[in-house]
Amino acid sequence: MTDYKISAKDVQVYYGDNHAIKDVNVDIEDKTVTAFIGPSGCGKSTFLRCLNRMNDTIDICRVEGDILLDGEDIYDPSVDPVQLRAKVGMVFQKPNPFPKSIYDNVAYGPKIHGLARNKIELDEIVEKSLRKAALWTEAKDRLHAPGTGLSGGQQQRLCIARAIATAPEVLLMDEPCSALDPIATAQVEELIDELRQSFSVVIVTHSMQQAARVSQKTAFFHLGNLVEFDETDKIFTNPEDPRTESYISGRIG
Amino acid sequence: MTDTPKFTSMKVQDPRTKKRNAAEKRFRAYGIAAIAIGGLFLAALTFTILKSGLPAFTQYVMKLEVTLSQEQFDDAESQLLKTAVYRDIFIDNFSDQLEANGIDVNYDADALERLLGKVGGDIRAHYRENLSDIGQPTVFQLQLSSRVEGYFRGRVTRDTLVDSRFLEKTDLDIVDVLRDAGLMTGRFNWAFLTGTDSGVDNPGGAGIGASVIGSFFMMLVVLFLSLPIGVAASIYLEEFAPKNRFTDLVEVNISNLAAVPSIVFGILGLSVFIQFMHLPQSAPLVGGLVLTLMTLPTIIISTRASLKSVPPSIRDAALGIGASKMQSVFHHVLPLSMPGILTGTIIGLAQALGETAPLLLIGMVGFVAREYPDGVVSGFMDPNSAMPAQIYTWAARADVGFYEKAWGGIIVLLVFLLLMNAIAIFLRKKFERRW
Amino acid sequence: MLTIGLVLALCAIGYMMGTRRALSSASGDQRLLHSLKGYYGQNVALSILVPSATLLVVWLIAQPLLINQSVASLFSDQDLAEGASSSLIIQDMRRVANGLDVVVDQGLVSDDAIASLDAESTNVRELLADVGVAVGSDVTQQTLDGAKRYRSLSKTGNFWRGIAVLALALAGFVFAMQRTDKNFRARNVVERGVLILLFGAATVAVLTTVGIVLSLIFNTINFFDAFPAADFFFGTRWEPSFSGRGGASDLGFLPLIWGTMYISIISLIVAVPLGLFSAIYLSEYASDRVRAVAKPMLEILAGIPTIVYGLFALLTVGPLLVSAFGNGGFFGVNWMSGGTAAITAGSVMGIMLIPFVSSLSDDIINAVPQAMRDGSYGLGATQSETIRQVILPAALPGIVGAILLAASRAIGETMIVVLGAGAAASLSLNPFEAMTTVTAKIVSQLTGDGEFNSPETMVAFALGMTLFIITLCLNVFALYIVRKYREQYD
């Protein structure tokens, strides 16, 4: 077993004929927040979706290279993507609660993975997840109201609660705050910092301030290449690559 | 769950995952099965139609060369029972021919009548119309009676046959011998395509031709009414209609009319066109009017879709150089959406062509397709049937011989429908435009 | 015919003269005209055509009504008391009148001689039979008088109709020509006219509905005059007596609606799972290639005329089911005695409905946003879990709408039940028994040889009315649900 939670080696991603990700090598540590930054279309979201094989749902997408989770290649043919995704959860750009009640949204994952033996355990998991997502106080009186009735920020926290209810080891977040207002964003960022206690978080973000605020490690992507990957402080204060510097100072992107 | 999870390999499926994946496979199999059942049914339907319908296109005849001299003709015409004389002449020729072929079989006049019907009348009719054939050897192709035809097709067998005045078991011996000698054979049944409906006891003589003409006149009515009205209504609703309650009413109306059962349109046709306006019953004109009202919603819906697909920039461009709204629609939008409109119209017509229920109510069933119309006006106004109504008429008759005709009629109907749909697909492919 | 020809000719002349007159008013210089020269011609042509065509249509509808009224005044209330209804007598008269027309056409009797015809000295029935017009009973003097009156009125009416239409066409011609001048805003006037025509076309849909409702209502009221409504709606027996045989009919509605519902439910039991699973497979699993084959294949099922399904039910499925469930059949259960049964019609109708359920459900499932699927896959759900627990609940309202539309289709379907379900009305629970439906009885009551005004025939309108109301409610409700659903994800 390696020291890293996830390590990606020479990852290539193709969309049909388009070479979207080139030779990416990244090691993600346990219990840290890793941020992927870069201009639009640089491949950071694509790479994120490789980490739990969400790209499988797109027919023309092809992934080469190794991505190891706890030393096991997740693209090995014998790996069940369903089991993988139970370990590597995901939160999306736009809040996408299911058209069900708040309770059912959170309970969905534990139910399908059989994490609760009975109703009491399920109730516990739901409460714990909602508490962790800082939604419990707002939602506890309306657990059976539809999840779509919440505000945008609440919806996104519901989606986070839904993701952590399955007890993942890694949580992938694809620009989780881009559809939220500043106050909701602050709440979610605070939440991310707390989640770090339990598992590793990988977050794709457009906002460099956000990356600087929440992450310990930062990777800068440009045109499908991983340009630089280092401690967040170092990237933002003393980048090695000139491209990183010009992006951070606002000259490209 | 905050404690470090213990390592479990993802390469080994835990029992729960196995169960879930099995459920996944089952679910997918249900989907495949559902589609397969649909496909299977389509195949079964096609097979049944072809198997039961194709025989309608063959006809079994007995070929016989007859020579009739002028004296025989004059003599026969002077007799009281003329057809009996002709029958005897026929039998003479028949026995000559058997001898020539070296066939030895017992038969009598009654047996021949059971096999061939009243041949005397057929022969007399032929010579009276073709006087020049007198004295010449003439090959007659005489149609076999429907039960003998059934024997050829396996519908009637020696085991199932009960002797009756229509056919006796011994007659089949004659048939076997003649078939082996090549005197009784099958041939393509042109009469089915060109003929008219026959009496209830003569399924062999029934043809679908007249009702094809009836359908044709109905489709003319539908085309010339529903296309202009449908396009005009669509242009109004899509381009000019103000947003008000009347427009809403029209919209709701159209979508509802598209789902009103066709039989209700039949009731409408019966009471408005026949009871109230006193248009003639069973006339293709009335059928066409009813089908027009039924087809209009379909045409309006598809026309509006193709008007909508013309981008607003085209309209703006025309308006921008000073064309009136009406000009921009008629000069630019309408020509651009014409392929879509035509496709929709053809599909609407195909639907109308296969519609049966309303035609039953306005009387296009029974023996209405007995003759071809004399001209264009009578094509619209004289009682006639239409293909699907004719098929229904045959299916409702007691003689099983008509079932075969009904299936055959379905083949003809489906050929027309396929043709129309093929044209529609061709138009769509050829003129498809992506904006 | 002549009138129409003349009007059209006048239109063509008007178009040319209008164009020419406009040009000459601008001394041949097109640029001086307000509108393009063609518009002046179109204006004249439209001014001729539209008013005269409208008049012609109105006249064609009104004339028979007025004549009927005039003829009806010929017979007294006493005649009516004898049991025949007025419209029946008028129908006879019209038939005789049409027959007389044929007689004159064929030159058997001269037009003048008809006037002196009387029922005592001539057997009018035989006279008509000679020319191939069959009349049900001997023609009485009264009927003959009516027929004569009918003929002469029609003749005058037709004559004046021609005159009036032509006069109006000419008036339109003169009026439009006088207005034609280089400063006349021909384009605006023509466009206004065309807009009115377009509007008129759009109202045809409304008029159709009005026509349906009126024809159903009036005839239904007539029916309830002759037959008690309570017996119709709550009667449990459907046994119409045949005309001429006398005796009262039982025209109970319940067995028919029972058969309709029973057969529709059987068909939905077949169609909903098959259609829904097809839609799910096509929209969620199938590759583009499979979709390109399977989707048109299902749509072919929708394009096959119902008469084909009917024949298939009658001649193939029915006997097949009998050989499985009938006496000495495959299962040896002897449940089924005849091929025409509720299950025969229901199962074939179910197959017909598969594409109705599947294509609309397919659209609706596709409208569920991809984000829902991503959210579920991101949590480690399998595809079937995602479909069952996320997509189907999200698409449920739309799917319910699709099923309701299919149900409305099933209730209104005619040919399959006419051929496949049998004719006996029964309140049975056994699907292997023959049943009949509202639609099948509409057909049999209106195509029978019953008198048009007998309750046995008129009951078809009451049946049609119920059918129309039931399907209308289902359609409105279903379309409403589907529209609301679409708006939600737009």
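**Helix packing and chain contacts in a three-chain model**

Contact means C-beta atoms, placed from the backbone, within 7 Å. Helices (DSSP H or I, at least four residues) and strands (E, at least two) are numbered from the N terminus.

This is a predicted model: local features need pLDDT of at least 70 and side-chain atom pairs need pLDDT 80 or more, while totals for chains, interfaces and linings use all residues. Residues are numbered from 1 along each chain as its sequence is written, and chains are lettered from A, ligands numbered from 1, in the order written.

Back to α6(B), which covers residues 146–153. Buried means 20 or more other C-beta atoms within 10 Å of the residue's own, exposed means 12 or fewer, and partly exposed is in between. The buried ones are B:Ser146, B:Arg147, B:Val148, B:Glu149, B:Gly150 and B:Tyr151. After the helix comes B:Gly154, with a positive phi near 85°.

Next, the contact between chains B and C. Each of the two chains puts 67 residues into it. On the chain B side, the elements that supply at least two residues each are α1 (15–53), α9 (209–240), α10 (245–257), α11 (262–276), α12 (284–308), α15 (357–361), α17 (387–395) and α18 (401–431). The most comes from α1(B), with 18 residues. By class, the chain B side has 49 nonpolar, 15 polar and 3 charged residues. Here Ala, Val, Leu, Ile, Met, Phe, Trp, Tyr, Cys and Pro count as nonpolar, Asp, Glu, Lys and Arg as charged, and the others, Gly among them, as polar.

One helix pair across that contact is α17(B) with α12(C), residues 306–325. What is the angle between them? It is about 15°, and the axes are 10 Å apart. Axes are lines fitted to C-alpha atoms over the stretch in contact, and angles run from 0 to 180 degrees between N-to-C directions. The two helices are therefore roughly parallel. The cut-offs are under 35 degrees for roughly parallel, over 145 for roughly antiparallel, 65 to 115 for roughly perpendicular, and oblique for the rest. From α17(B), the residues B:Pro388, B:Ile391, B:Tyr392 and B:Ala395 meet C:Ile307, C:Leu311 and C:Leu314 of α12(C). That contact has 7 nonpolar residues, no polar and no charged ones.

C:Leu311 comes up again in the core. A nonpolar core is a set of buried Ala, Val, Leu, Ile, Met, Phe, Trp, Tyr and Cys residues joined through C-beta atoms within 7 Å. The largest one has 263 residues, and C:Leu311, C:Val357 and C:Ala406 touch the most other members. Beyond four places in sequence, C:Leu311 is in contact with B:Ile391, B:Ala395, B:Ala406, B:Trp407, B:Ile410 and C:Leu419. There is also a second, separate core of 25 residues, and B:Phe94, B:Leu115, B:Val119 and B:Val148 are among them.

Within chain C, α17(C) (438–447) packs on α18(C) (455–489) at about 150°, with the axes 8 Å apart. That makes the pair roughly antiparallel. Among the residues making the contact are C:Ile442 and C:Leu446 of α17(C) and C:Leu463 and C:Leu467 of α18(C). By class this contact has 7 nonpolar, 5 polar and 2 charged residues.

Further along, α18 of chain C holds C:Ala478. Is C:Ala478 buried or exposed? It is buried, with 22 other C-beta atoms within 10 Å. Not counting residues up to four places away in sequence, C:Ala478 touches C:Gly401, C:Leu404, C:Leu405 and C:Ser408.

Now chain A. Its contact with chain C takes 22 residues from chain A and 15 from chain C. Elements of chain A giving two or more residues are α2 (81–87), β6 (88–91), α3 (102–113) and α6 (152–164). The largest share is 4 residues, from α3(A). The chain A side divides into 11 nonpolar, 7 polar and 4 charged residues.

Last, two backbone angles. Most residues other than glycine have a negative phi. A:Ala167 has a positive phi near 55° and sits in the loop between α6 and β7 (170–174) of chain A. A:Ala167 is buried, with 21 other C-beta atoms within 10 Å. A:Leu223 has a positive phi near 50°, in the loop between β9 (217–222) and β10 (225–231) of chain A. A:Leu223 is partly exposed, with 13 other C-beta atoms within 10 Å.
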